[in-house]
Amino acid sequence: MNQSPAFGPRRGVSLPAAAGAGARRNESQDYLLMDSELGDDGCSQPPYDYYPCFRGTDNRLAHRRQTVLREKGRRLANRGPAYMFSDRSTSLSIEEERFLDAAEYGNIPVVRKMLEECLSLNVNCVDYMGQNALQLAVANEHLEITELLLKKENLSRVGDALLLAISKGYVRIVEAILGHPAFAEGKRLATSPSQSELQQDDFYAYDEDGTRFSHDVTPIILAAHCQEYEIVHILLRKGARIERPHDYFCKCSECNQKQKYDSFSHSRSRINAYKGLASPAYLSLSSEDPVMTALVLSNELEVLANIEKEFKNDYKKLSMQCKDFVVGLLDLCRNTEEVEAILNGDVEMCHNGGDHGRPNLSRLKLAIKYEVKKFVAHPNCQQQLLSIWYENLSGLRQQTMAVKFLVVLAVAIGLPFLALIYWFAPCSKMGKIMRGPFMKFVAHAASFTIFLGLLVMNAADRFEGTKLLPNETSTDNAKQLFRMKTSSFSWMEMLIISWVIARIKWDPSDPQIISEGLYAIAVVLSFSRIAYILPANESFGPLQISLGRTVKDIFKFMVIFIMVFVAFMIGMFNLYSYYRGAKQNEAFTTVEESFKTLFWAIFGLSEVKSVVINYNHKFIENIGYVLYGVYNVTMVIVLLNMLIAMINSSFQEIEDDADVEWKFARAKLWFSYFEEGRTLPVPFNLVPSPKSLFYLLLKLKKWISELFQGHKKVFQEDAEMNKRNEEKKFGILGSHEDLSKLSFDKRQLGQSKESSIRSSEDFHLNSFSNPPRQYQKIMKRLIKRYVLKAQIDKESDEVNEGELKEIKQDISSLRYELLEEKSQNTEDLAELIRKLGEKLSMEPHQEESNR
């Protein structure tokens with residue numbers, strides 16, 4: 001079979017040598033597929049000696065030739081052009097080529113025989129792509145060949161083979177490679193290819209040009225990237241960990257050197273590390289508290305997304321991955337205990353840490369703070385919040401809306417009496433009901449509604465209008481004062497009368513006038529505070545959220561709006577400032593008039609004659625027409641429509657996920673009433689209750705005791721220090737016993753510090769020394785469900801090209817084994833025929849001799 005240089009199999013020899021080798025391979029086609037006789041010097045014998053019974057069989061040779069041609073054609077088609085990667089200075093012998101081919105196609109008998117008998121064989125030889133036999137065996141999932149090769153000494157590129165096995169998910173091959181002596185101490189598991197370059201060995205060599213894996217990727221990081229749960233579990237048990245990257249603004253020497261040497265590589269290494277840390281496989285198997293770890297990491301990634309804008313999408317994706325992991329754990333809960341474990345952090349302490357036996361919900365508070373909306377809006381979480389919301393009123397939860405409305409109305413009417421009952425008896429049954437979140441919300445809402453009613457009633461006397469002057473009431477007339485007054489006026493009364501008479505001539509910046517303006521603004525803001533309680537309703541909640549998002553869009557839009565508005569305002573003022581009194585109106589003659597004219601032009605309330613002047617200055621007038629027209633087109637047609645599009649986009653975004661947005665907003669509202677305190681609304685909370693005074697005394701007592709204990713501790717430390725100084729002065733501390741005791745104390749202190757700074761990422765499945773708490777048992781149970789679900793989802797995917805390739809490799813390995821067995825049977829048969837022939841040839845001679 002003729003081959004072009006561009007498609008040579010593995011050799012880098014010259015063309016004549018290649019042609020000669022190809023001729024020899026055409027003479028014998030079976031040595032690629034089966035074992036052949038090897039001499040002591042490692043050279044192959046003539047191939048027909050291997051099959052003596054088939055030397056004259058042309059059909060057999062033709063069949064083998066076709067088989068080899070088909071194999072070589074398929075191999076060349078898979079490899080593609082080789083001239084881009086071939087190194088002409090490196091040549092492979094025939095034995096090395098056959099060795100690499102056997103390793104690639106799973107020919108176990110050939111590999112075993114060559115490793116045992118061919119002493120001069122270089123097991124680290126590489127093909128045109130730079131892959132050695134170990135990498136080829138791993139890439140094609142040949143476990144037996146991998147185990148044979150790992151027994152050889154001075155085997156190179158073991159680290160590359162491990163990374164390759166991890167990337168393909170070959171668990172048994174990973175276990176076999178980890179049994180290599182290079183991983184005995186576990187140091188190699190924490191080193192990446194770039195870190196191994198300093199050791200000047202060939203542990204990592206294949207990917208020196210970055211053709212497969214990044215130089216900063218360690219085995220545990222790669223396993224986490226590939227979501228290989230079992231491999232991550234194995235590596236964690238071996239002691240591998242993912243080091244958390246330094247802070248983005250870290251100024252240590254290591255970070256400064258990496259940033260100065262290659263900033264892009266430094267950023268990519270940080271992203272690769274965070275990809276491993278945010279992997280569900282690593283989160284679930286490495287942390288004792290995966291919920292807390294995932295929430296904190298998601299927030300950290302959100303912050304990095306806003307800092308490193310160039311990698312914003314990558315960090316956003318990783319942050320969302322952490323949030324989805326937490327939601328996935330919550331989705332696997334099957335009872336209230338498991339839900340409480342996720343929301344509170346510790347089932348054993350959740351009722352002790354909360355107020356009045358109420359769960360503290362520390363993890364849920366963190367989720368609300370970090371805006372993990374899907375977690376907060378999850379049905380399991382909402383069901384738990386709803387049970388707390390109707391605390392001490394469990395029957396009200398199943399009632400109709402009409403019954404709930406009547407309860408709210410009754411609370412609003414009887415609020416003063418309920419406040420008195422709670423003020424005198426906070427621990428009674430009614431007091432406990434008043435402390436419930438729902439009752440607190442109803443009481444505060446009723447109080448706020450009454451306050452708004454009072455604001456309306458304050459302006460009720462002016463609903464029909466008044467004919468009095470500004471700041472003048474029906475009793476402000478001086479004549480009425482004289483009619484009502486029969487005795488002489490005092491000097492204070494004379495000042496008041498003079499002040500009342502002069503109110504109509506007050507300065508525009510008078511405090512009374514300013515206070516009335518601010519009061520009007522306060523009334524508007526008071527009514528707008530109704531939006532705070534709207535998320536409690538399913539219909540009005542999404543509208544309130546859309547309104548808030550719209551306000552944010554308006555503030556973003558105002559930057560461009562103000563920039564364009566100020567530009568036209570100053571330009572028009574500069575154009576018409578010299579024509580004050582020479583225009584049909586005062587528009588654009590002052591900065592104030594220019595502002596008013598352009599502002600009301602947005603709503604179509606300005607006239608075209610605002611740019612007309614009385615003089616025959618047509619150029620100025622035409623410029624005014626042009627600028628005024630461009631302003632209207634820019635502001636009204638372009639910018640306002642852009643604002644409408646932004647608002648519509650925000651509203652549609654809220655509407656598409658209205659249920660999640662509303663439940664998240666409602667949870668934030670509910671949490672404000674879960675905390676202890678604020679039971680009585682305004683104005684009933686102005687008078688201190690006995691309960692508040694009692695709590696104040698307890699806090700004072702605790703503060704005084706802590707202060708006294710602190711002073712006592714400081715005094716004891718000073719006394720102990722003085723005693724040690726005196727002992728040192730008299731030489732008492734020089735004895736051997738005291739020195740050993742001091743060294744033991746230091747060693748014990750160092751051990752306590754080491755245990756205190758231990759990362760929470762210690763593998764929780766290894767912590768068998770202490771009996772696990774209930775929280776640890778629950779989390780282990782949930783993690784097992786999560787891992788099983790992930791594996792089932794992975795197995796349920798459709799058969800891909802990689803799985804088909806694995807099937808083909810298994811069939812190929814089986815074929816080689818069958819061929820080996822066939823060749824062995826052929827040898828046995830040939831030996832029997834030879835012996836039978838010798839025996840038959842000896843019988844005539846014996847008969848003749850007997851005669």
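**Close-up views of a predicted model**

View 1. Leaving aside residues up to four places away in sequence, Met-779 touches Pro-290, Val-291 and Leu-329. Met-779 lies in helix 35, which spans residues 774-795. With a relative accessibility of 3%, Met-779 counts as buried, because the cut-off for buried is under 20%. The C-alpha atoms of Met-779 and Ile-342 are 8.1 Å apart, although 437 residues separate the two in sequence.

**View 2. Packing of helix 13 against helix 15.** Helix 13 covers residues 263-277 and helix 15 covers residues 290-307. Their axes are 11 Å apart and form an angle of about 155 degrees. Angles over 145 degrees count as roughly antiparallel, and helix 13 and helix 15 are therefore roughly antiparallel to each other. Their crossing is left-handed. On the helix 13 side, the contact is made by Arg-270, Tyr-274 and Leu-277; on the helix 15 side, by Leu-297, Glu-300, Leu-301 and Leu-304. Of the residues in this contact, five are nonpolar, two are charged and none is polar.

**View 3. The buried residues of helix 21 and what covers them.** In helix 21 (residues 379-389), the buried residues are Cys-381, Gln-382, Gln-384, Leu-385, Ile-388 and Trp-389. These residues lie on the same side of helix 21, because they cover an arc of only 160 degrees around the axis. Residues three or four places apart in an α-helix point the same way, because a turn has 3.6 residues. The elements covering the buried residues of helix 21 include helix 16 (312-331), helix 17 (336-344), helix 19 (362-369), helix 20 (373-376), helix 25 (437-458) and helix 32 (658-674).

Conventions:
Residues are numbered from 1 along each chain as its sequence is written. This is a predicted model: local features need pLDDT of at least 70, side-chain atom pairs count only at pLDDT 80 or more; totals for chains, interfaces and linings use all residues. Side-chain values use heavy atoms; hydrogens and water are left out. Axes are lines fitted to C-alpha atoms, for helices over the stretch in contact, and angles run from 0 to 180 degrees between N-to-C directions. Helices (H or I, at least four residues) and strands (E, at least two) are DSSP runs, numbered from the N terminus. Angles under 35 degrees count as roughly parallel, over 145 as roughly antiparallel, 65 to 115 as roughly perpendicular and the rest as oblique. A crossing is left-handed if the near helix is turned anticlockwise from the far one by less than a right angle, and right-handed if clockwise. Contact means heavy atoms within 4.5 Å. Ala, Val, Leu, Ile, Met, Phe, Trp, Tyr, Cys and Pro count as nonpolar, Asp, Glu, Lys and Arg as charged, and the others, Gly among them, as polar. Buried means under 20% relative accessible area, exposed over 50%, partly exposed in between (1.4 Å probe, protein chains only). The arc is that of the directions from the helix axis to the C-beta atoms.
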